[in-house]
Amino acid sequence: MDRRQFFKLCACGATTSAIAALGMMPGEAMAAPREYKLLRAKETRNNCCYCSVGCGLLMYSHGTVGKNSEQSIFHIEGDVDNPVNRGALCPKGAGLVDYVNSPNRNQYPEVREPGTNEWKRISWQEAYSRIARHMKDDRDANLIETNEAGTTVNRWLTTGMMTSSAQPNEGGFITHKFARATGLVAIDTIARN
Amino acid sequence: MTNHWIDIKNTNVAIIMGGNAAEAHPVGFGWVSEAMQHNDAKLVVVDPRFTRSASLADVYAPLRSGTDIAFLLGVIRYLIETDQVNHDYVKAYTNASFIVREDFEFNDGLFSGFDEETGTYNKESWFYELDGEGFAKVDPSYQHPRCVWNLLKKHVDRYDFDTVSNITGTKVEDYQAVCEVIGSTHTHDRVATFMYALGWTHHTKGAQNIRSMAMIQLLLGNIGVLGGGVNALRGHSNVQGATDMGLLCQGLPGYLKLPNDNDVNLETYLRNYTPVPLRPGQTNYWQHYPKFFVSQMKSFWGKYATKENDFGYDWLPKWDLQYDYTKHLDMMYHGQVNGLFVQGVNCINSQPNRNKVLKALSNLKYLVVLDPLATETATFWQHADQFNEVNPASIQTEVFRLPTTLFAEEEGCIVNSGRWMQWHWKGANPPGESKPDAEILSGIMLTLKQMYKDEGGKLPEPIEAIKWDYHTPSFPHGEEVAKELNGKDIATGRQLDNFTQLKDDGSTECGCWIYSGCWTEAGNMMARRDNHDPSGKGITPGWAFAWPMNRRVLYNRASCDVNGKPWDPKRMILEYTDGHWHGIDVGDFNMKLPPQESAHPFMMQPEGVGRFFALKMLAEGPFPEHYEPMESPIGTNPLHPNVVSNPAVRMLPGVKETLGSNKEFPYVCTTYSMTEHFNYWSTHCRLAAISMPETFVEIDEVLARDKGINNGDWVRISSKRGAMETKALVTQRLQPLKVNGQWVHTIGLPRHGSHNALIRKSFTCNVLTTEVGDANTQTPEYKAFLVNIEKAKGI
Amino acid sequence: MSAQDIILSSGTSELTPAAQVRRKVAKMTKLFDATKCNGCKACQVACSEWNDLRAPIGEFSGSYQNPADLSSECWTLMKFHEFKKNDKMHWQFTHTACMHCDDPACLTACSTKGAIVQRSNGTVDFDSDKCTGCGYCVSACPFNIPRLDPIDQKAYKCTMCADRTQIGLEPACVKTCITGALRFGTREDMLFYADLRVKQLKEKGYANAGLYNPEGVGGTGMVMILHDINQPESYGLPADPKTSLPVKLWQDVVKPLGAVGIIATAAVAIAHRITVGRNIVEEDEPAAYDHSHDDNQKSDKE
């Protein structure tokens, strides 16, 4: 169909709809609501990531975990079974789907090298190696093994860590082990904020 | 929270002060609505701003930001003077009758033991007078002049209505209305709950703000009962868990202490942190400290933790100073730090004094940012107009930006404010190559382990020993770590039922004692989803798991009298009848004991009672006292002009010079969150950005008129530390207050400005804020600092 | 729901055989209790989320109210009103969305058959497939609710989440409401509940509390409990909304006459198309209106 034909068809359509508009057409399908959008969606229980009320969420995703398909979350609403929120969510919670699918999500490991003005994509292994190298160099140079009184103190003050208050406890425990095993003392959370 | 969200529905009076639940914890506020609708509860809101919480309040009273202690001590004075005190409760369950040492004093704003030079207290005198057996002396008749009750009466006597009004700016009639509603709950059949958040912690005396309120609750007999309590509304979804996990500079998981230089060996350490009882017959629960600690060391170092090496005690780093982020950032600023890991925190927007943070980050050799979002912290080296004026070429920091999953893409447990440990499930894969934090840190740790193995290096032992024996060491799964947190018997491999089974001989392993019981042989207790509420009081024992022991209301022994009879039959949590305890919640005491022997409900304290007099626990005194914010709009303290602000505040070198005076910066600025946004996260969420697309500043009509500022005009706000431009919202919801003979204007500054998100580019409020923090917690004084404001041309 | 559920349709005077004759469909009503609302905007966001609407990211315009107005991409808007009365501060919030009038002016004004319908449960719904974008509904609505979309030039508004209500769920706004300010149920139940609540408010000292359910439009499918029923204006609501006289005349008198005119216009348009040629913008031109509207936000992102 070329452009000209297309426009002719459009014009034709316009005419019929104008006629229909005047009630001159025979009976036709009446407005039906759109299809309920959660049909065949997978439902997963979760909790809101924002404040500490701990509202229950139901997350809805399409797609299977099949070989060639990826699940994606397209709707999140309150979990009516959760006694703390009984299905309700605040405006932040009600908009969570846009947080999960934010265009500003980081996608892959990147490095910005000293003095440059750009990100460079790197592999996870490269990220691990380069970070571990920084850590080891700093730790080997600056770990304080004993204090002036001769007490074993094993502290590493020249590197610090601000830790997450949204990751699950399990990640928090791994973080704690990571920090204390290397000798970090200066760890903190935004709990102090 | 000593209680939990749903329990708010059981209250008669909800006081929202030092918080704004309707905006910052909206669904939690839903339970206030529930109490108002179904329990005829009254809502009291005390806030410098007429907030969305205030919009539904029965009683609203404005106060000047930073004067909460004066307000609350005045309430205590009122309650004592009008005898609206729950005397049965106070006598049985508080330290009112305890006798304080003779050398304790309070004069002209200072407690005994102050050292001008160091700005710290020698707290020796802040203690009970002990008898020959080491027990505190008591006088149940309150006759002794130095019993806590009499000291308290004397201490609060200065806070009469006029004095309070003169400091806080609250009109006497408004203040009286608040006092009366609170006082109405001193009877056994009425109860009040206080809901607070950062509005109390963001002050140089934040911990004392909260203590003042807790003292009121003790006076009224409102702790440990349904509908009562001391209810901190925590900020982030798992900040409770992060705190439980000890992710603080002086902490270990489960509120154990990271050793300091004085804890020279394990024996000394355990002695220092295992308290002895201060009264006869105490539970003194922390007596079990060695069991919690040794079991934790087994979860840290596994087979490498042996009796011979003190269970790896020496591998733990010891602290000599409090290296909280303010201190560490200051070190960074002075070039003493090389590396920083930033996990899910937008430091440059969230931390005080942005200009200092920017300079500090620029001094780093390496910065590792783990975050699901592209934050301004990761791009601190990037020029962004007036919002981030830097030259990338001059910044030599190597920055790694590692994409992490967020809640929807990972499994695990987060802990809400009511201590509910709720398990959640993964709904989809994360975008691109994002990974959970635990997997990323494992990747780095395993690489580091290998490097030490290959190259040797300084103190490789703890890095070799750290227990990483997960099924897939490169990605410890949530379920596996959760089991580790619960703890097990090492010989049999059986999961423990709860922390009463822990041992101090290395035969049990437990990552976090308070969590024990969350994953037993019966499975994952946190994943339970039975919302049945048999009592109708909001105790849902089958929903998830509440630490400790699935207990929903802490200190619940205090809900009944010494003989085990509920103070209020309608609020029965536990009751002793027919020779045993029964009730609707897990008792917060040894339920095998008869009531008289368990009548010390605050069993974590060595004297078993609630403290009006806080002993040596806090930096600035055993009683709260009104001190002005570090930047005071009146420049004096009407109570004691020689001690204006908190004398025990930590002042890092050079920071004093960053504080402004009321001459140059006459207006009080207070920062806060709004309903539509969550910090700097939801600025990346389109729906949230639509509902609040830009930040602004709120000013009262009088000030607006004086300054010629119209609604919607651009204004420039400046503090001693920086300046920013934004638009003005002129509102009647803020009002000037008459304080100490002068009018004080409050400026309200929401905190959600970003320049790298979906909302309109804007400054963050932390361009203006000060890093000076609470004397105990070092939480910065975000809620009360001085600024100036002028009409501006705009961006 | 099906065509049988439609009891009124625009562009025709004939009534569809009422479904309730067979199914006894109850009239449903949304109750907004302004005395319980704290303006959190959860309803507003949940509406956009469920209905896949994303209004442009606007700018601060002197109020918490954002977006500034309803639009084809914003069907529910929380409106903010602050004022002082007897030295007492009031901050009132209005859940602004379609009122689902029993006698809907939009439907009366619409000349396109089936573009606006009223379902047997009382909700008024727009069928965008049939909408011609004439805008009559926009100007006829006494509550100023429907909006034309700048791209497809069709009218949009709240559907009372017809896709949810058809399977027995409450609308998304009601589900998410945290304070219980929004409820949804049969008209009978909601009026009963509202009556109790108004009595309760009067006992609490709100002597003028009352239910906003204006008769001028035959009552509304969203009723509102107000602190002061004598001052609906303080909520931004019209005191006495009704279908305007011209709209009524249009439906009953002018429209039949106008039909002839429209056919003539259409014929001229077709003639114009065939004889003169097209007068359409190049198809590859960008859309006249960019919904994302975030150009300056994203410019410095990698």
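## Helices 6 and 7 of chain B

Helix 6 of chain B and helix 7 of chain B sit roughly perpendicular to each other, a label that goes to angles of 65 to 115 degrees, while under 35 counts as roughly parallel, over 145 as roughly antiparallel and the rest as oblique. Their axes come within 10 Å and cross at roughly 115°, with helix 6 of chain B covering residues 161-168 and helix 7 of chain B residues 172-183. Axes here are lines fitted to C-alpha atoms, for helices over the stretch in contact, with angles running from 0 to 180 degrees between N-to-C directions. Helices (H or I, at least four residues) and strands (E, at least two) are DSSP runs, numbered from the N terminus.

From helix 6 of chain B, the contact takes Phe161(B), Asp162(B), Val164(B) and Ser165(B), and from helix 7 of chain B it takes Val172(B), Tyr175(B) and Gln176(B). Two residues are in contact if their C-beta atoms, placed from the backbone, lie within 7 Å. By class that is four nonpolar, two polar and one charged; Ala, Val, Leu, Ile, Met, Phe, Trp, Tyr, Cys and Pro count as nonpolar, Asp, Glu, Lys and Arg as charged, and the others, Gly among them, as polar.

## About the model

This is a predicted model, in which local features need pLDDT of at least 70 and side-chain atom pairs count only at pLDDT 80 or more, while totals for chains, interfaces and linings use all residues. Residues are numbered from 1 along each chain as its sequence is written, and chains are lettered from A and ligands numbered from 1 in the order in which they are written.

## Where chains A and B meet

On the chain A side, 104 residues touch 135 residues of chain B. Helix 5 of chain A (residues 169-182) gives the largest share of that side, 13 residues. Split by class, the chain A side has 45 nonpolar, 39 polar and 20 charged residues.

Helix 5 of chain A also packs on helix 18 of chain B (residues 478-486), at an angle of about 70° and with axes 9 Å apart, so this pair is roughly perpendicular too. Asn169(A), Glu170(A), Phe173(A) and Ile174(A) meet Gly478(B), Val481(B), Ala482(B) and Leu485(B) there.

Pairing takes at least two bridges found by DSSP. Glu110(A) faces Arg401(B) in this pair.

## Strand 16 of chain B

Strand 16 of chain B (residues 420-424) has five of its five residues buried, so it is largely enclosed by the rest of the structure. Buried means 20 or more other C-beta atoms within 10 Å of a residue's own, exposed 12 or fewer, and partly exposed in between, with C-beta atoms placed from the backbone. Trp420(B), Gln422(B) and His424(B) cover one side, with Met421(B) and Trp423(B) on the other.

Strand 15 of chain B (residues 412-415) pairs antiparallel with strand 16 of chain B over four bridges, and Val415(B) partners Met421(B). Four residues lie between the strands of this hairpin, where Arg419(B) takes a positive phi near 65°. Strand 16 of chain B is also joined by two bridges to strand 21 of chain B (residues 545-546), again antiparallel, with Trp420(B) partnered by Ala546(B).
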